[in-house]
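The chain and its sequence are shown below.

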Amino acid sequence: MARVTKPGGRVVVLEITTPQKPPLSWFFRAWFDTVVPTLGRFAGDPDAYTYLPSSVRRFPGPEELAARMAAAGLEDVRWLLTAGGIIAIHAGVRR
């Protein structure tokens with residue numbers, strides 16, 4: 001994204017992330033790893049709803065994503081955790 005952003009342009013990333021603080025982290029794991037795939041079977045697309053929790057686990061955490069954004073050439077990289085740490089919003093500016 002940094003490569004195709006005009007100089008001075010902003011890159012913003014909104015992602016689901018795994019909360020780190022109990023009790024929300026315990027509830028999130030139970031919900032996302034058990035309930036979501038079960039609902040996916042009822043919705044008729046179990047693979048998609050199994051892939052989603054797996055994808056979130058593999059995605060870099062907030063600190064690592066910020067470091068990758070900076071390594072890609074973005075400056076003033078910041079992030080905000082919302083919804084109890086479930087949602088991460090990252091932003092950076094292209095040099």
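## Charged pairs and their surroundings

Asp76 counts as partly exposed, at 45% relative accessibility. The structure discussed here is a predicted model. Asp76 is found in strand β2, and its side chain forms a salt bridge with Arg78, the closest N and O atoms being 2.9 Å apart. Arg78 is exposed, with a relative accessible area of 55%. The backbone of Asp76 also deserves attention: the residue has a positive phi of about 50° although it is not a glycine.

In total, the structure holds four salt bridges. In general terms, side chains of opposite charge can pair when their charged atoms come close.

Asp33 is partly exposed, its relative accessible area being 34%.

Glu75 has a relative accessible area of 40% and is partly exposed, whereas Arg95 is exposed at 58%.

Helix α3 (residues 62-71) contains Glu64. The side chain of Glu64 makes a polar contact with the side chain of Arg68, at 2.6 Å. Glu64 is partly exposed, with a relative accessible area of 38%.

## Nonpolar core and surface patch

In soluble globular proteins, nonpolar side chains tend to be buried together. In this model, the largest nonpolar core is made up of six residues: Ala2, Val11, Val13, Leu65, Met69 and Leu74. The elements that give two or more residues to this core are β1 and α3. Leu65, one of the core residues, touches Val13, Phe59, Pro60 and His90 when residues up to four places away in sequence are not counted.

Nonpolar residues also occur at the surface, where Val12, Leu14, Leu80 and Ile89 form a patch with about 360 Å² of accessible area together. Val12 of this patch is found in strand β1 (residues 10-16).

## Loops and backbone geometry

The peptide bond from Pro22 to Pro23 is cis, with omega near 0°. Pro23 has its place in the loop between β1 and α1. Ser25 lies in helix α1 and touches Pro19 and Gln20, leaving aside residues up to four places away in sequence. Is Ser25 buried or exposed? Ser25 is buried, because its relative accessible area is 2%, and buried means under 20%.

Ala83 has a positive phi of about 55° although it is not a glycine. The place of Ala83 is in the loop between β2 and β3. Asp76, with its positive phi of about 50°, is instead located in strand β2.

Key:
Residues are numbered from 1 along each chain as its sequence is written. This is a predicted model: local features need pLDDT of at least 70, side-chain atom pairs count only at pLDDT 80 or more; totals for chains, interfaces and linings use all residues. Side-chain values use heavy atoms; hydrogens and water are left out. Buried means under 20% relative accessible area, exposed over 50%, partly exposed in between (1.4 Å probe, protein chains only). Patches are made of residues with over 30% relative accessible area and no salt bridge: like charges are joined within 9 Å, nonpolar side chains (Val, Leu, Ile, Met, Phe, Trp, Tyr) within 5 Å. Accessible areas come from the Shrake-Rupley method with a 1.4 Å probe; for residues, only the protein chains shown count as cover. Helices (H or I, at least four residues) and strands (E, at least two) are DSSP runs, numbered from the N terminus. A polar contact is a pair of N or O atoms within 3.5 Å; within protein, one must be able to donate a hydrogen and the other to accept it, and residues adjacent in sequence count only if both atoms are side-chain atoms. A nonpolar core is a set of buried Ala, Val, Leu, Ile, Met, Phe, Trp, Tyr and Cys residues joined through side-chain atoms within 4.5 Å. Contact means heavy atoms within 4.5 Å.
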